[in-house]
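Trainee: I would like a close look at a single part of this chain. Please start with the overview.

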Amino acid sequence: MIEPNFSESQLQQLVNTEITLRLLQAGRGMFLPVVISLPEEAVSGWDTGFFFPWLTAPGLDDHRGCNFFLQYKLANFLEGRRAGEWSFWREPYFRFRIPHHSKDPSTGDYFEDYHQLDALRGIAAKGYPVFFVANRTPYEARLFEIAKAQQLLDTQLFVGIEATLRNHRHVTFTETAPHCYLHSSPEGRRLSDWGDILERSLESGASELSRTVTELEIMVRNAEERRGTPDRLRLDAVYERVGREDRRISWTARATLVAMRLRQEMNVWWFRHREATG
């Protein structure tokens, strides 16, 4: 068995940086990761969070305002046929442990502690995207090579965490397979590709947000008619002024403008948009 010669924090720092750079290069904006302390992680379950405004799920106040969550894990590399899960792969594979090995202070006995997984399942149960992220190389030099090429998001492991995920002990995967296994009771799981993660989040966020914004625009326009709001202050006039600078107004921008008019016309607070988190 080969243990990684780098820390979990090193993996976390490199992948977080690439997420920020990729989104910036794609024109999505500057989104900085929220990295919490170990005592906070023990309670919250995740170690990196982001706030992405295109997701319709609001930022969770008790999770630093984030709505997208990652939990990093270091995976060991097992090469021999005597490795416990060799029969599932029949080739060298990676493995990381889900529960912590904790000591009961009252009895002194050690037990498998699923507190972290419970916390992550709780977040997923509210409809938020949550993922394990693990390394697919045990060597720091190779990790740095991949990071310099900005290919970590395309090569490292992302596996989604659902509210229904059982109390498995290990996750195993290979360097290239598109799936992983969760053990002790073996369960196959398709891996998540970063491109798919981002595309799905953008599509679902835009679709749900567009429907909501369209309904609220009607509400605002009706309120403006009832109150006799001057034309220059109405929502459509605001859209026109913004559109002179940016012909294609994004749904996030429209949501922000609708929220402003809702507060002004009806004293209703709805949408909170954060340009970046960090």
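How many helices and strands does the chain have? Then please take me through helix H5, residues 140-148.

Mentor: The chain has nine helices and 12 strands. Helices (H or I, at least four residues) and strands (E, at least two) are DSSP runs, numbered from the N terminus. This is a predicted model, in which local features need pLDDT of at least 70 and side-chain atom pairs pLDDT 80 or more, while totals for chains, interfaces and linings use all residues. Residues are numbered from 1 along each chain as its sequence is written, and side-chain values use heavy atoms, leaving out hydrogens and water.

Of the 278 residues, 46% count as buried (under 20% relative accessible area; exposed is over 50%, partly exposed in between; 1.4 Å probe, protein chains only). Now H5. Its residues Leu143, Ile146 and Ala147 are buried. Seen down the axis of H5, the buried residues fall within an arc of 100° (taken from the directions from the axis to the C-beta atoms), so they line one face of the helix. An α-helix has 3.6 residues a turn, so residues three or four places apart point the same way.

What do the buried residues of H5 pack against? They pack against helix H1 (8-25) and helix H6 (152-155). The face turned away from the buried side carries exposed residues, Ala141 and Lys148. After H5 comes Gln150, with a positive phi near 55°.

Step back to the whole chain. Take the contacts (heavy atoms within 4.5 Å) with a separation of 6 or more: 60% of them join residues 24 or more positions apart.

The structure holds 14 aromatic pairs (rings of Phe, Tyr and Trp, its six-membered ring, with centres within 6.5 Å; planes under 30 degrees apart are stacked, over 60 edge-to-face, the rest tilted). One is Trp89 with Tyr181: the centres are 5.1 Å apart and the planes at 65°, so the pair is edge-to-face. Trp89 sits in helix H3 (residues 86-89) and Tyr181 in strand S11 (residues 179-183), 92 residues apart. Trp89 is buried at 10% relative accessibility. Tyr181 is partly exposed at 21%.

Phe96 and Phe132 also form an edge-to-face pair, 5.6 Å centre to centre with 70° between the planes. Phe96 is in strand S5 (residues 93-97) and Phe132 in strand S8 (residues 130-134), 36 residues apart. Both Phe96 and Phe132 are buried.
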